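Please walk through this protein with the model open beside the text, following each residue as it is named.

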Amino acid sequence: MTLITQQFTACELFEMPGDGFRCELVKGELKKIAPAGHVHGRIIINISTPLDTHVRTNQLGLVFAAETGFQLASNPDTVRAPDVAFVRAENVKSDLDQRGYWPGAPDLVVEVISPGDIYTEVEEKVFDWLEAGTKMVVVVNPRKRVVTVYRSLTEIVVLTENDVLDGKELIPNWSLPVKTIFA
């Protein structure tokens, strides 16, 4: 028996009607993601609000909320949607089309693990982001109350509630105590 899966493009994904699910496109294959729970949403706000305030105040670039699609590859297309994203000012192009997905990878991605997430799929997302050029991927694990920071496949740091998440050279002078992420 042969299983035939339909391949989609980023344009087709963008034009799909909403059905209550968030969708990503991985090498042309549609992946449906159930809506997140309230803990997930609070963690995203606890990270995105101070990040956006710092970025706006210092004119460092743009912060994007959950469900914003970034087209990481073409033919077949890959569109990922992180929980929080940041693009440095020097990587913001003034001639961007107002419709469609952001072309390329953001500089920073935050992924919050939901109860239904499969760890290998989260790891696959991390690899996709890094391979596409993301400089820093932050994975928040609410169950274990840890934050894992990936700057490459070999530069990986696990932070506990006693540590501080630091933007280093990517987001100068921005830091966030890990315990406030889970507050």
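Cysteine 11 counts as exposed because its relative accessibility is 63%, where exposed means over 50% relative accessible area, buried under 20% and partly exposed in between, with a 1.4 Å probe and protein chains only. The structure holds zero disulfides, a disulfide being a pair of cysteine sulfur atoms within 2.5 Å. The sulfur of cysteine 23 lies 16 Å from the closest cysteine sulfur, in cysteine 11, and is therefore too far away for a bond.

This is a predicted model, in which local features need pLDDT of at least 70 and side-chain atom pairs count only at pLDDT 80 or more, whereas totals for chains, interfaces and linings use all residues. Residues are numbered from 1 along each chain as its sequence is written, and side-chain values use heavy atoms, with hydrogens and water left out.

The protein chain comprises four helices and 13 strands, which are DSSP runs numbered from the N terminus (helices H or I, at least four residues; strands E, at least two). Of its 183 residues, 42% are buried, and its C-alpha trace spans about 55 × 40 × 30 Å along the principal axes.

Helix 3, residues 119–132, has 14 residues and reaches 20 Å from its first C-alpha to its last, close to the 20 Å expected at 1.5 Å a residue, the expected span being 1.5 Å times one less than the number of residues. Val122, Lys125, Val126, Asp128, Trp129 and Leu130 are buried in this helix, and just after helix 3, glycine 133 takes a positive phi of about 115°.

Charged side chains form 10 salt bridges, each defined by a side-chain nitrogen of Lys or Arg within 4 Å of a carboxyl oxygen of Asp or Glu. In one of them, arginine 80 meets glutamate 24 at 2.8 Å, N to O. This pair links distant parts of the chain, with arginine 80 in strand 5 (residues 78–80) and glutamate 24 in strand 1 (residues 22–26), 56 residues apart. Both arginine 80 and glutamate 24 are buried, and they belong to a network of salt bridges that also links Glu111, Glu124, Lys125 and Asp128.

Another salt bridge joins arginine 151 and glutamate 169 at 3.8 Å, N to O. Here arginine 151 sits in the loop between strand 10 (146–150) and strand 11 (156–159), while glutamate 169 sits in the loop between strand 12 (164–166) and strand 13 (175–177), 18 residues apart. Arginine 151 counts as buried at 17% relative accessibility, whereas glutamate 169, at 56%, counts as exposed.
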